[in-house]
Amino acid sequence: MSNIQAANNASNDEIDLVELVKTLWQGKVTIAVCTIVFTVCAIIYALTAQQWWTSKALITVGQYQNTTNIRSQLTNLYAVIDNSAKINTIVNSKSLFDNYITEFNAFDNKKAFIENNEIMKQYADKAEVTDEDKARFITNWAKRISASQPDKKNQPDVYQVSFEATSSKLAHDLLVAYSKDISNKVRDELIDALDAKISYSQKILQANKLALEASAKQQLANELIKTNYALDMAKSADVTKPLAEMNNNELFQIQLGTEALAEKSKVLDKIKDLSIFEPRLGTIQTKLEFLSHVKLDHSIALQSVRYLQQPDYPVVRDKPKRSIIVLSGLVLGVMLGFLIVLIRSLYIKK
């Protein structure tokens, strides 16, 4: 009995399959029309859709010689600063590289570039961006600018920077322009940090100078008072010439005699060079003169990163993927044609 039922089921399945194929064959025109329509639409869309190209470059930490031009302007600063590591930390190639990556991905920098770059202004004019749409326009374009690590595990200091635009040339030009802006920003920040370091050093030296000058003036005043007291005492004792046998450790050195004490008083009264009493004043003044000759060139060329691969002209589009779009249209047309034929067949049967 079971064999008979199995045979009947197999026969029914075969009949259903034959009927399905027959139904689809009868609706071949509908299937063909749907396939052609959707394929043509997909082709038109693939040919007219906005193209997007991505220009890329590979960068890594710069070499020591990339910063020699800025270091050469800091010779006097190195001579003044006792700990040169404080300067090396600022001019360090790894620090400059990390700062470059941070600034490259910073939204504020992307926003400033999109608002001020001439090519981006043309995009905005073409899109007729209003004040209400400006934020959305900037956000959409900011997503097309990035710096990422293609192989974070094996090459942690290698980054890929990219810029996506509507043509190969524009993508390349925008990446070059944005990279230049970021390099200039890193340079400006470096020079600002060095200027702040120089200014801070000058203020510290000036403060030390004022303190030492006050101390030297006080020592000069004290010495002048003691000399005048000693002169009065020598006059009272009628000591005109130096006395060899008196103690030189006395508070008032009347043993010098009135003539020497009078001359010493005149000399002390005329002293302008306070470094006689505070020799460190001379050292501080020399350092201040050194710092005054440190002139940083704000337009100096600074290569904060090293290019392993220069910005390229992309040869393959990112979007649209025309072959995928056309194939998807073809498949969708066939499936829709099948569906229409089957639904119509069921409707007729009912």
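User: Over which residues does pLDDT stay under 50?
Analyst: This is a predicted model, and pLDDT stays under 50 over residues 6-13. For that stretch the model has 0 contacts beyond four places in sequence. Where pLDDT is low, the predicted coordinates should not be read in detail.

User: And what does the protein average for pLDDT?
Analyst: The average pLDDT is 82, and 89% of the residues score at least 70.

User: How many helices and strands are there?
Analyst: The protein has 13 helices and 4 strands. Of its 350 residues, 33% count as buried. Its accessible surface comes to about 21,700 Å², and carbon and sulfur atoms account for 57% of that.

User: What share of the contacts with a separation of 6 or more joins residues 24 or more positions apart?
Analyst: The share is 78%.

User: Now the inside. Which residues touch the most other members of the largest nonpolar core?
Analyst: They are Ile 70, Phe 104, Met 120, Trp 141 and Phe 163, in a core of 59 residues. Helix H10, residues 168-236, supplies the largest share of this core, with 15 residues. Apart from this core lies another one of 5 residues, including Ala 230, Leu 231, Val 239 and Leu 261.

User: Take Phe 163. What is it in contact with, leaving aside neighbours within four places in sequence?
Analyst: Phe 163 is in contact with Met 120 and Trp 141, among others. Its contacts also include Trp 53, Thr 54, Ser 55 and Phe 113, as well as Arg 144 and Ile 145. Further along the chain, Phe 163 touches Ala 171, Leu 174, Leu 175 and Tyr 178.

User: Arg 144 is on that list. Which residue forms a salt bridge with Arg 144?
Analyst: Its partner is Glu 164, and the closest N and O atoms are 2.7 Å apart.

User: Is Glu 164 buried or exposed?
Analyst: Glu 164 counts as buried because its relative accessibility is 12%, and the cut-off for buried is under 20%.

User: How many salt bridges does the count come to?
Analyst: The count comes to 12 salt bridges. One of them joins Lys 94 to Asp 98, with the closest N and O atoms 2.9 Å apart.

User: Why are Lys 94 and Asp 98 separated by about one helical turn?
Analyst: The reason is that they are 4 residues apart in helix H6, which covers residues 93-105. Lys 94 is partly exposed, at 33% relative accessibility, and Asp 98 is also partly exposed, at 35%.

User: What about Glu 278: which side chain does it meet in a salt bridge?
Analyst: Glu 278 meets Arg 280, at 3.4 Å from N to O. Glu 278 is buried, with a relative accessible area of 9%, whereas Arg 280 is exposed, with 51%. Elsewhere, salt bridges that share partners join Lys 111, Glu 115 and Lys 134 into one network.

User: Which residues does Thr 30 contact, leaving aside neighbours within four places in sequence?
Analyst: Thr 30 is in contact with Ile 340, Val 341 and Arg 344. Thr 30 belongs to helix H2, residues 28-48, and is buried, with a relative accessible area of 19%.

User: Last one: what separates the C-alpha atoms of Lys 180 and Gln 303?
Analyst: The separation is 9.9 Å, although the two residues are 123 residues apart along the chain. Lys 180 is in helix H10 and counts as exposed, at 56% relative accessibility.

Note on methods
Residues are numbered from 1 along each chain as its sequence is written. This is a predicted model: local features need pLDDT of at least 70, side-chain atom pairs count only at pLDDT 80 or more; totals for chains, interfaces and linings use all residues. Side-chain values use heavy atoms; hydrogens and water are left out. pLDDT is the predictor's confidence in each residue, from 0 to 100. Contact means heavy atoms within 4.5 Å. A nonpolar core is a set of buried Ala, Val, Leu, Ile, Met, Phe, Trp, Tyr and Cys residues joined through side-chain atoms within 4.5 Å. Buried means under 20% relative accessible area, exposed over 50%, partly exposed in between (1.4 Å probe, protein chains only). Helices (H or I, at least four residues) and strands (E, at least two) are DSSP runs, numbered from the N terminus. Accessible areas come from the Shrake-Rupley method with a 1.4 Å probe; for residues, only the protein chains shown count as cover. A salt bridge is a side-chain nitrogen of Lys or Arg within 4 Å of a carboxyl oxygen of Asp or Glu.
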